[in-house]
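Please open the model in a viewer and keep the selection panel at hand. The stops below proceed from domains to cores.

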Amino acid sequence: MKLAQFLLFIFFYLPSIASYANLTELTIVSSKGKQAIEGAIVYDKKSRVGVRTDLKGKVLLDSGMKVVQIKAKYHKPQLLSLAELTSNTIVMQHDEKLLVAEQKLSYPKKNKLWGNYSEYRANNDLLSYDLSIKVDPDKKYISGNNKIRFKMLKADNMIQLDLYQNLDIDKILYNGKPLKYEREVNTVYISFPKTLTKDAIEEIDFHYSGYPKATGRFGCFTFKKDSLGKHWINTACQGTGSMVWWPNKDQQPDEVENMIMRVSVPSDLKNISNGRLIQTNILANGYTEYVWQTLNPINNYSVSLNIGNYVHFGETLGRLTLDYYVLEQDLDKAKRQFKQAKPMMVSYQKYFGEYPFIEDGYKLIQAPYTGMEHQSAVTYGNGFKNGYNRGADVSADWTGVGISLKFDFIIIHETGHEWFGNSLTSYDFSDSWIHEGWCTYAEAVYVEDQFGYDDAIKYINGYKSKVENKFPMIGQPSVAHWPTSDIYFKGTLFINTLRHIVNDDDKWWSGVKAYTTGFKKSHLYTVDVLNFFNQYFDEDFEKIFDQYLYFNNIPTLEVSKAEGQVRYRWQSDVDGFNMPIDAKVGGDKIRLYPNNTWQTISTPGDFSVLEELFYINVKEV
Ligand SMILES: [Zn+2]
C-alpha cells in the first residue's frame, strides 16, 4: 500500500520522473576495497532530481539523465556524462580527510544484523501481526505468541525475524507444525520445509516467554510502581528495538497494514495500547484480556503496552476522538494540563493536514518516562507542567528563551511525531532528521500559530546553544545507528533557513502541507525530501541540503567591511555553495546571493546579516 501511495505521489508531483523510460543501472563502489556504497546520491542538475543507491550500491537511472553529479560520504564527488560511460560500475575515490569524527564510531554485530535490510527481510512484505501477551507483574515475566502474516515477494525458504536473545523461543509453528530456526544475537532465521512461492500469503505463529530486560533510554520494558504503590508497567523501545519484548520483523522499511494486541493482565489493572479497544474478556485465572486493534500501518517501535491503574476522560474534534488515560491520583492535574491537546491538534491539522490515523483515534497516556510518539497512543511523563521537566535541578525552560514555559513540551513534541515519524517514516535511522528535525520544527509551527511569528523565531534560535556540529546529521546507513542530537536542533534551524530562502510564507506553508499530505503514511529518504522541495519551490536546494546534512559545519559568510562598502563570500565544504541570505543595509532589508568568490555592495549605513532567519556563521575578515 505504501509503495502504491508513494508512486501516485511521484506521478502527481514529479511528472518528469514518471515519464522517463529505458532505465539503466549503475553500481557505485568505493576505491577502498571495492565496497558497495549505500546511500550515494546521483543528482541530475538539469531535472533537479536525485536518486540513491541501495545496499548493493545499485541505482536505477534513466535516459533523461545526461550529466550527473555523484556524491557519497567520505568520497570525492564526481561529475559524469552518462553518454561517455564505458562501464556501469563507478569507483568513487575514498578521501580520508572527509572521514572526520565519524570514522571513530564502530558498530557491534547486533547493530549490523539489526540495521541491515537483508535478503531474508526483503523477500517478504508484512501484512499483519496478531500479538497475544500475558504479563505477570509479580514474577516480572511475560509469555505469548505473535501470529505474523506476510506475503512472499520472491520464492524462498527462509525469513529473518528478531527477538532479544534473553527471551526463550518456545516454538514457531507453520500450519500447526514446528519450524526450524537459528539464533544469532537478537536475530532469528526461520527455515521452511519447502520453498515458499512468490506472492504466497503465509502465516507463522511465534511462541515465546521470559523475563524482559529494562534497557535503553526509555526503559524498553519496565515493571514499576506508581505513587500509590500499584503496579505500573510500560514499554518504550525506540532506538533499542521492540524485539526486547515481542518477536517481529524489527526494522523500519516494512510495516504491517494492521495489528491486533491481546494483552492479559491481573484484573485490578488495565492495559492501554494503540488503536481502539475492541474487546475486554474476563479470564478464569484472575486476569483480564484487553484486545486493542490498530487499522493503520504501524512502526514496530510504536507498539506499546501501558498497564496500570488507569482512568479515562476524553473529547472530540470533528471526526477525531481524543482520549486521555492517566493514573487515578493524577486525574485532576491531567484534566487541567491536557486542555492543551485540542488547540494543538487544531494547529497541527491546519499546517500538516488531517490527523493521519483518524480511524485509530488520538490518545495521551501517562507513563513513567518523559514521553514517546507511540502511534495513536502517545505516552506522556512531563509531570503535568509546562516546559520540559527532566528533573528538579534542570530548568524546564527547554530552549532557554522564555517561550518553552508557555506550553507542555512533551504533549506538543510527541504528538508532532504522528505526522513526522509515524505518518512520514524514514527508511533508515541514518535519515532520522526526517523524524526529529521536522518534529522539532512542528513545535515552532505550534508556537507560531498560538503565540506569533516573533516567538517562533525566538524559540527556534533558542536551539542554537544545543547544536554541536561534531557529526553530520545524516548518519551511517544500515547499522541501526541513531545519529547525533543535532538532527533535532540543527534540523529545525535548517528547516527555518529553508523557509527564509523561499521567502514567501504562503508558498512555504502550502509546500509544507503538500509535503506532509503527499508523503502521508509512506517511507522516504532524504533525497526524496530534496526532490520534493526542488520541484515544489522550483529551486535547486542540492548544495544547501549537502552542506547542512552531510557535513559537520554550517556555512560561514566571510564579510570584509571598508568605507562605504562591504565584501562578502561563502566559506563552505560544498564547492559552489550558493545559498541566498537576507541582510540589513542602512535599515533596509535586501537579499544577497553570495557564492565562493568575493562580491561587493555599497552600504550607506550599517550592515548586518539576519542570522535569526538563516543558520550560518558570520565572520568578519
Ligand atoms: Zn522526537
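The tour begins with conventions and then moves from one selection to the next.

This is a predicted model, in which local features need pLDDT of at least 70, side-chain atom pairs count only at pLDDT 80 or more, and totals for chains, interfaces and linings use all residues. Residues are numbered from 1 along each chain as its sequence is written.

Select the domains, whose bounds come from an automatic or database domain assignment: domain 1 (22-104), domain 2 (116-225 + 233-306), domain 3 (425-550) and domain 4 (556-620).

Next, show domain 3 with domain 4; their C-alpha centres lie 23 Å apart. Domain 3 brings 12 residues to the contact and domain 4 brings 13 (two residues are in contact if their C-beta atoms, placed from the backbone, lie within 7 Å). On the domain 3 side, helix 9 (453-462), helix 10 (486-502) and helix 13 (542-550) each give two or more residues, and helix 10 gives the most, with 6. Helices are DSSP runs of H or I, at least four residues, numbered from the N terminus.

Now select Leu364 and Ala442, which have the most contacts inside the largest nonpolar core, a set of 116 residues. Such a core consists of buried Ala, Val, Leu, Ile, Met, Phe, Trp, Tyr and Cys residues joined through C-beta atoms within 7 Å; buried requires 20 or more other C-beta atoms within 10 Å of a residue's own. Helix 8 (residues 433-451) supplies the largest share of this core, 10 residues. Around Leu364, beyond its neighbours within four places in sequence, display its contacts Tyr324, Phe338, Ala341, Val378, Tyr380 and Ile411.

Finally, select Ala40, Met65, Val68 and Ile70, which are included in a second, separate core of 15 residues.

Conventions:
Buried ≥ 20, exposed ≤ 12 C-beta atoms within 10 Å, placed from the backbone.
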